[in-house]
Amino acid sequence: MTTLPPNMFAVIQTHDGYSGSATGPFIEDAADWLAEAELPVPEPGPGQVLIKLRTASVNPSDLHFIKGEYGQPRVKGTPAGFEGCGDVVATGTGAEALQGQRVAFVAAGSGAWAEYIVTQALMCIPLRPDISDEDGSAQVINPMTAMAMVDIARGAGDAFVVSAATSQLGKLMCSLGRDLGLKPIAIVRRADAVESLKELGAHEVLVTSDPDMMQKFAALSMELKPRVFLDAVTDQVSEQIFCSMPNGARWVIYGKLSPELPKLTQTGQLIFMGKRIEGFWLTKWMTSTPPADQMRVVGEVQARFADGRWKTDVSERLGLRDVVANLANALKKSDGKVIITP
Ligand SMILES: NC(=O)c1ccc[n+]([C@@H]2O[C@H](COP(=O)([O-])OP(=O)(O)OC[C@H]3O[C@@H](n4cnc5c(N)ncnc54)[C@H](OP(=O)(O)O)[C@@H]3O)[C@@H](O)[C@H]2O)c1
């Protein structure tokens with residue numbers, strides 16, 4: 001049995017509840033939202049585990065959350081961070097099977113940006129030994145979302161549209177789509193990402209700064225008939241893309257990378273063309289998908305990371321004690337995750 005220290009280092013939230021605004025997953029200074037603290041090591045209750053952190057990843061949802069613009073309220077004084085990888089060092093009743101296992105987890109009791117984390121056993125996935133700690137730290141939120149959303153696209157035809165395709169999730173969806181014989185149409189804002197995304201699996205890549213982009217998209221839409229738009233940007237360009245899609249198209253909004261609020265310019269399309277606007281949230285998917293189906297998805301996710309079809313691109317590594325001072329700077333590097341280590 002591991003001897004646990006009484007206290008731990010943690011990066012805690014300094015605000016409660018919601019902010020009432022939505023300025024996007026960007027921060028100028030982490031100290032506006034976070035502080036360093038020594039906290040008692042939490043104790044796992046029934047059905048919970050205590051995890052010693054190995055690695056945590058920084059996702060846009062973490063930034064929305066600390067800024068008070070996510071789907072759950074902040075709790076001042078509790079550690080930030082949703083996702084990571086670590087070792088189960090203590091268990092509550094009913095969770096004993098996980099004792100000693102290395103797991104990927106979503107923090108549901110206390111945040112991941114701490115030396116120790118309490119979460120529900122149900123939010124832990126035991127990791128295969130051939131998966132690295134860095135891949136383990138980004139094993140749940142984006143990969144499970146990619147599997148669930150490409151499944152939505154698969155049910156609606158060959159082609160689908162993905163915005164912010166240079167994001168980690170966008171890349172996972174392009175390669176998964178290609179592997180399933182689908183045609184992902186990737187939308188990006190950086191022209192220098194076109195070739196690498198094609199290599200990853202995008203059938204076509206369009207760049208939003210190209211003045212002819214909407215004409216090119218309209219032609220592709222006529223040819224390939226994409227009926228699902230998986231959108232993490234949700235700005236006016238997104239709305240124009242949706243309007244250029246065929247009858248029955250679904251605009252599935254799952255992120256808000258742009259702070260711009262789009263206007264609906266062709267509401268008749270909803271009435272006469274059977275188009276729909278909807279949301280996707282992994283948390284909802286997890287509570288509404290039968291456990292056996294989730295386990296199948298978990299197995300496929302780990303297989304894809306283990307054999308290299310998927311990987312976590314890492315842009316920067318930060319010590320837990322450097323998060324408050326250096327996170328904003330670390331996030332300036334594009335194309336990869338910031339990984340936090342204790
Ligand atoms: N609903 C859910 O359940 C769920 C689950 C997981 C993730 N998500 C969402 O999925 C999105 C991607 O997550 P991730 O972890 O893959 O992100 P990520 O790897 O951190 O990448 C985000 C990338 O998006 C691009 N971007 C940022 N602002 C943009 C803008 N205004 N317009 C176009 N592109 C922009 C940037 O790439 P460039 O600099 O290369 O342009 C940035 O690197 C986020 O919005 C996240 O909240 C939602």
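**Figure 1. Helix α8 and the nonpolar surface patch.** Helix α8 (residues 268-272) contributes the most to the nonpolar patch, namely 3 residues; helices (H or I, at least four residues) and strands (E, at least two) are DSSP runs numbered from the N terminus. The patch covers about 520 Å² and is formed by L264, L270, I271, F272 and I277. Patches of this kind consist of residues with over 30% relative accessible area and no salt bridge, with nonpolar side chains (Val, Leu, Ile, Met, Phe, Trp, Tyr) joined within 5 Å. The model is predicted: local features need pLDDT of at least 70, side-chain atom pairs count only at pLDDT 80 or more, and totals for chains, interfaces and linings use all residues. Residues are numbered from 1 along each chain as its sequence is written, and side-chain values use heavy atoms, without hydrogens and water.

**Figure 2. Residue I277 in strand β13.** I277 belongs to strand β13 (residues 276-279). I277 counts as partly exposed because its relative accessibility is 36%, where buried means under 20% relative accessible area, exposed over 50%, and partly exposed in between (1.4 Å probe, protein chains only).

**Figure 3. The largest nonpolar core.** This core has 49 residues, and M173 and F280 have the most contacts inside it. A nonpolar core is a set of buried Ala, Val, Leu, Ile, Met, Phe, Trp, Tyr and Cys residues joined through side-chain atoms within 4.5 Å. Helix α3 (residues 141-154) supplies the largest share of this core, 9 residues.

**Figure 4. Surroundings of F280.** Not counting residues up to four places away in sequence, F280 touches T145, A148, M149, I152, V252, I253, Y254 and W285; contact means heavy atoms within 4.5 Å.

How values were computed
Patches are made of residues with over 30% relative accessible area and no salt bridge: like charges are joined within 9 Å, nonpolar side chains (Val, Leu, Ile, Met, Phe, Trp, Tyr) within 5 Å. Accessible areas come from the Shrake-Rupley method with a 1.4 Å probe; for residues, only the protein chains shown count as cover. A salt bridge is a side-chain nitrogen of Lys or Arg within 4 Å of a carboxyl oxygen of Asp or Glu.
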